[in-house]
Amino acid sequence: MTFNSLQFLVFFMVITLWFFRLKDQKGRIWLLLLGSCYFYMSFIPEYILILGGSIITDYVAGLLIEKNEGRARKAWLVVSLIANIGVLAVFKYYNFFVDNIHAGSLFFGKSLTLPMLKIALPIGLSFHTFQAMSYTIEVYRKNQKAEKNFATYALYVMFYPQLVAGPIERPQNVLPQLKEFRPYKWDNIKEGIARMLWGFFKKVVIADRLAMVVDRTFSHSHDSSSIALFAGILFYYFQIYCDFSGYSDIALGAAKVMNIRLMENFNQPFFSKNMGDFWRRWHISLYSWFYDYVFNPLITSLRNLGQAAIVLSLLITFFLSGFWHGAAWQHIVYGLIHGVALIYEYFTRKQRKKLFARMPKAVGNVIGVSVTFLFVVFTRIFFRAENMRAAMDYFKGIFSFSRGSNYIGMNRLEVCLSVFLVGLMLYRERTLPGYFIRSDKRFYFYTIAMVVICYYLGVFAENQFIYFQF
Amino acid sequence: MLKRIFRDILIVSGLILLWASTSRTAMKYLSDKRDNNTWWGTYQCLNGDLVSMAHLDAVARFNPRKLKQNFKQPAYEGTRKTDLYLDGDSHTWHLDITNFAGLSAFHYFERTHGYRYHLDKDKKSILLIEISERYLQSYFSAPNMFDEVYDTSSQQKNSLLRCGPRAEIKQYASLFESIGLSELFNKNINQNLECNLFNYNFIMPMFEYKAALNYYAFNRASGDVVISNDRKFLFYKETVSRTDVGSSYYAVTADDKARIVDILNKVYDHYKAAGFSEIYISIVPNSASIMQPDGYNNLIPDIQNDPRLRMKVIDIYTVFKKSKELYFLPGDTHWNFKGKQLWLDVVNERLLQDTAAH
């Protein structure tokens, strides 16, 4: 059940109205839990068993971590981490390792072939395993008490708005909200629905429209002109933003309607002045996770190495973040390039500061934003390409300045409309975030307008959200 | 109070809607009741499957010319001693024994359903596999596709004829099927919901406005339908997208083609052993392969002309290519009346040759 489906709209209506019909929190937790099970099972029902298994493991591990001290405490944390990473390793990374072992053995003149797993990746696996791990780590660090109520803990992992593509939440934020009886508030309903509609708009009107260009250019990289290929990758940056942030808007809006506030996942990343700034604005919940649970512990344990500690910690963190996105070399390269960019920024921070101090602030900002934007645009080729070879071919196509086809999958009028929509999206997010809910009249007008626009300008091609595959 | 009643009505309606859209029984009941032209009836697919998928009824150029469809009844005076088993798809629906020359019996079955057959040893039994180009690769690429047929091949009296891939049965799915959960998670729920919520004759103008906007402003059709480069035809996206295996432009390797030929040979050997005197294959080309041939992957000619192929070919691709006539409907995945008649003519010619040779 994707957010941009009719099934979700009916499901959301039933669950939300029923939620407010119930007068005690226990009933609401069970309703949301059962609803979340239905939501998850509507993708592939059998995979609820895997999710259930990891929930039970982490629930028990949390209780035992809290109960024990010393080595036993650490041992239960390790059990929880192994269980979560083990599930990821089997379902997401096993075939990648088998493939590479085979390729490696061929390099040494032998052919070692292990059986491949022919199973679909459970949807949202990387998201909910990371959320589950943050719980046991926080209990281990004594920042969070172990949750005694199994249903509440299960709902923390399975809460349907953020179950399959985040935001990757922390227990300190969500668990207290799930336990507390949250009364009906019209302002929350307005805010939540307005945000959901904005998310639908970004997904079906912008992202799925831009997808036509991106799909066309990536499947015609050999016979498209450099301009067409550049347009394709430029549109891809906006597509993936509108797709993923659109999903996050729907998730945050759906939770907000029930008076539950989830963490923000994006903060206008197109206006980032450098790569460090970019990673504080893009997929915030994932990168704050890596910062808290990978980068910080690494830099602490490697502190004796001096500046090498920063280099190593950044490389390892961004290697893992690339690998998190997909079991493929192009994702790893994508992560490492960003890691190297951050290392470069770290070592040149003083020189850059001096350089920017010599020019007017606005000029410095424009240069910083432009360079960061172009860097992200070009590195996105690795993120989108099917494999390393396709990524390199795409790069070659752009920089060969060839005169192939300029057709990018839509006519001029639709290209103009797409550019206008992207501009509108940037303007609305930067300037008018709360404008349409300040009065009921504005809200009603906005709601009707968004429904009509989403229907008439929406591209309903049953496109899944890009981040579902992770 | 009124608000609460309204809220409860919405909850119950939503639950009923979800249930009705997952239940096959409920959907069948509803579609039977709504299969009419009243305002609450369902949208009738009158102008072609692609036109209806894209709601382009308002664009006249894609609507078919209404022709009287009476296929020729071939004259035959000799003894009728040939049984034809036609393994077909929607291209060969609504045919009967009168459309074929010199048959003593005509058996039609769709490959996905299977068919129990009993060969009459006193007659000549011919198996004709008619398949759309877009399904060719997916049907004839699976290495284990004929296990079921092989398993039953010894029972000559009542063998199973199924020229499609064996359904992959996931072991773990049986648990959910046994407790009835598989229906609750019906994969067609969104189509069913769309049908129950919006597929009413009185709402159709809204869909048609949107389709017309896309067509006239953006030069494209909605959903899974693509407009041809000359803007005269609609194509099913699956048949023109370079990433779909059923596409005319999908990069098919020599190995892929060889694999298809190998499997066709296995099919041939199997049915020969089962008692059929001849096995034919007839691949109906995607309309894009004929109408928009630039970049065509040559799947049909390469398969048909492969010297290793033992199965006999009823070649409609070359006939369509050579002719300047139009053999496809502008807004449909299928051939038009002329195309189907031409195919029947070619098949009948072959049947008569075979009968004469027998």
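What follows is a chat about a predicted model with chains A and B.

Colleague: Before we start, what kind of model is this, and how are residues numbered?
Modeller: This is a predicted model, in which local features need pLDDT of at least 70, side-chain atom pairs count only at pLDDT 80 or more, and totals for chains, interfaces and linings use all residues. Residues are numbered from 1 along each chain as its sequence is written, while chains are lettered from A and ligands numbered from 1 in the order in which they are written.

Colleague: OK, how many residues does each chain bring to the contact?
Modeller: Chain B brings 25 residues and chain A brings 22 residues, where two residues are in contact if their C-beta atoms, placed from the backbone, lie within 7 Å.

Colleague: And which part of chain B gives the largest share of its side?
Modeller: That is α1(B), with seven residues; helices here are DSSP runs of H or I with at least four residues, strands are runs of E with at least two, and both are numbered from the N terminus.

Colleague: Changing topic, in what order do the five strands of the open sheet in chain B run?
Modeller: The order is β2-β1-β4-β8-β9, with parallel pairing, and two strands pair if DSSP finds at least two bridges between them.

Colleague: Which strands stand at the edges?
Modeller: β2 (103-110) and β9 (312-313) of chain B do, and each has a single partner strand, so one side of each is left without a neighbour in the sheet.

Colleague: What about β1 and β4 of chain B, how many bridges do they pair over?
Modeller: Strand β1 (residues 82-88) and strand β4 (residues 124-132) of chain B pair in the parallel sense over six bridges, and B:Thr82 stands opposite B:Lys124 in β4(B).

Colleague: Where is B:Lys237 found?
Modeller: B:Lys237 is in the loop between β7 (234-236) and α10 (254-274) of chain B, and, leaving aside neighbours within four places in sequence, B:Lys237 is in contact with B:Asp224, B:Val225 and B:Val226.

Colleague: Why is B:Lys237 called partly exposed?
Modeller: Because B:Lys237 has 17 other C-beta atoms within 10 Å, whereas a residue is buried with 20 or more and exposed with 12 or fewer, the C-beta atoms being placed from the backbone.

Colleague: Last one, how many residues has the largest nonpolar core?
Modeller: The largest nonpolar core has 120 residues, a core being a set of buried Ala, Val, Leu, Ile, Met, Phe, Trp, Tyr and Cys residues joined through C-beta atoms within 7 Å. Helix α10 (residues 226-257) of chain A gives the largest share of this core, 20 residues.
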